[in-house]
Amino acid sequence: MPMQPEAPASELAEFGYKQELNRTLSTTDLIVYGLVFMVPIAPWAIFGVVYNASSGMVPLVYLIGLVAMIFTALSYAQMSKAFPIAGSVYSYVGRALHPVLGFFAGWTILLDYLLVPTLLYVFAAESMAGIFPGVPKPLWIIVFLIINTAVNYVGISFTAIVNRLFLAAELLFVVIFVIMAIVAINRGVDGATFTTTPLFNADLFTPQLAAAALSIAVLSFLGFDGIATLSEEAKGGRRSAGIAMISGLVLVAIFFVTQTWLAAMLVPGTTQFGDDEVNNAFFGIVGKISGSAWMVAFLAMNALAVGIANAVAAQSATSRLLFSMSRDGRLPRFLAHIDPQSKAPRRAILVVAGLTLVLGLVFVGQIDIISTLVNFGALTSFLLLHVSVIGYYAVKRRSKNVFLHWISPVLGFLIIGFVLWNADASAKIGGVIWLGIGALVLLYYVRKGTGVLEEHAADPFRTAESDASLEADRA
């Protein structure tokens with residue numbers, strides 16, 4: 001089968017759009033973006049919590065997460081190939097199933113994307129407060145927000161450069177920790193030895209533990225899906241976003257497992273971290289094997305990675321989703337404006353910044369509430385994503401690829417459904433309220449007039465891949 005060509009402007013014309021965003025991102029840029037969004041050093045902040053929940057088998061949690069989320073990544077890859085446009089799951093579900101379902105897919109993941117930057121700023125403010133206790137947390141939120149908005153405002157090319165710089169810094173710290181940890185284990189610090197027990201401990205493993213680990217693990221990998229929002233800025237062809245999502249997911253899982261395996265080996269005999277140490281367990285390990293100066297450096301790196309790098313990526317994804325939904329007449333039209341110089345949705349970027357500022361100042365110190373709502377938004381949209389794969393490929397196109405278009409999305413749906421079913425009650429209540437607001441928004445814009453998606457409602461599949469690609473899928 002011949003390789004896919006780079007996506008030309010005519011590709012967007014198939015879907016009723018014109019090329020407005022700046023198509024400059026390589027597949028490598030997308031992978032870097034995905035890694036930055038998922039944060040290779042994410043386990044640092046939650047190591048103690050996950051350690052307690054998993055009876056010390058933290059790397060096993062991330063391995064379970066990789067297996068669980070790979071099905072969702074495969075579904076994203078299939079739909080991004082069919083519909084290489086910026087709306088991500090909003091566009092996939094809307095064009096593969098129905099415009100109304102597409103709106104609710106976009107609306108639910110918008111809850112995720114709007115609150116993720118808020119969550120990141122709150123996390124970063126908490127970390128910086130540990131280094132500079134005299135500085136008010138709201139001030140840190142404002143500082144990080146200004147920096148990130150400026151980066152995104154300049155344009156996607158500059159954002160890609162910032163992503164690469166921060167990823168390099170994070171990976172440098174990963175290497176430093178790996179070296180320090182291996183040296184400490186070789187020296188037997190506090191009785192540390194090389195062991196596979198953190199990967200799997202038969203004496204402590206139970207089905208209940210695996211179920212609890214699944215919930216933690218799935219939520220730990222949220223962010224790879226943001227790559228799909230950059231499809232109209234990628235220059236690697238239809239498959240570029242899918243390749244980047246799967247590659248990024250596997251790579252970040254390797255980083256997660258490596259770091260947590262080494263960290264778990266450095267606390268032999270520890271069954272649970274106490275309340276006074278659980279939130280800084282990883283940094284306590286760093287301090288034990290290297291000294292307080294390195295511990296402060298790791299705390300600072302964690303705050304910068306979350307407060308700037310991760311938040312920049314989140315803001316990019318959110319602004320592209322707002323751009324796509326407003327372009328279709330599902331949100332205020334002014335959000336679809338693209339700046340002619342930067343080729344960036346600057347109005348959407350500023351709106352995201354304003355909303356994030358308000359939410360961040362309101363929810364500072366309330367990480368649990370934000371987290372539950374973020375999880376509901378992401379998981380609900382993932383359910384609709386898996387259904388869209390079956391509806392589009394298996395039913396409409398009668399694909400013979402049973403694994404990718406039947407087995408994988410069904411398994412993905414069941415896994416995500418299990419996690420959502422067991423989510424906190426407050427997340428479900430908040431999510432239902434958000435869906436109710438979305439229904440009112442949809443009703444308002446439907447009454448205003450038709451949008452782009454209505455024009456395709458009679459046959460939303462007609463702008464999909466070529467007949468040659470269809471035959472390849474069926475084969």
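Which residue just after α11 takes a positive phi? Gly291 does, with a phi of about 120 degrees.

## Basis of the description

This is a predicted model, in which local features need pLDDT of at least 70 and side-chain atom pairs count only at pLDDT 80 or more, while totals for chains, interfaces and linings use all residues. Residues are numbered from 1 along each chain as its sequence is written, and side-chain values use heavy atoms, with hydrogens and water left out.

Helices are DSSP runs (H or I, at least four residues), numbered from the N terminus. Contact means heavy atoms within 4.5 Å, and a residue is called buried when its relative accessible area is under 20%, with exposed meaning over 50% and partly exposed in between (1.4 Å probe, protein chains only).

Leaving aside residues up to four places away in sequence, Phe47 touches Val58, Thr260, Ala263, Ala264, Phe273, Ala281, Phe282 and Ile285.

Helix α8 (residues 156-187) packs with helix α11 (residues 281-290) at an angle of about 60 degrees, their axes being 10 Å apart; axes are lines fitted to C-alpha atoms, for helices over the stretch in contact, and angles run from 0 to 180 degrees between N-to-C directions. The two helices are therefore oblique to each other, on a scale where angles under 35 degrees count as roughly parallel, over 145 as roughly antiparallel, 65 to 115 as roughly perpendicular and the rest as oblique. Phe177, Met180, Ala181 and Ala184 of α8 meet Phe282, Val286, Ile289 and Ser290 of α11. By class, this contact has seven nonpolar, one polar and no charged residues (Ala, Val, Leu, Ile, Met, Phe, Trp, Tyr, Cys and Pro count as nonpolar, Asp, Glu, Lys and Arg as charged, and the others, Gly among them, as polar).

## Helices α4 and α5

Helix α4 and helix α5 (residues 89-96) pack at an angle of about 70 degrees, with axes 10 Å apart, which makes α4 roughly perpendicular to α5. Tyr76, Met79 and Ser80 of α4 form the contact with Val89, Tyr92 and Ala96 of α5, and by class these residues comprise five nonpolar, one polar and no charged.

Ser54 lies in the loop between α3 (43-53) and α4 (58-82), where Ser54 is buried, with a relative accessible area of 1%. Not counting residues up to four places away in sequence, Ser54 touches Val61 and Leu209.

## Helices α12 and α13

The axes of α12 and helix α13 (residues 346-363) come within 8 Å and cross at roughly 120 degrees, which makes α12 oblique to α13. The contact joins Gln315, Thr318, Ser319, Arg320 and Leu322 of α12 to Ala348, Ile349, Val352 and Ala353 of α13, and its residues divide into five nonpolar, three polar and one charged.
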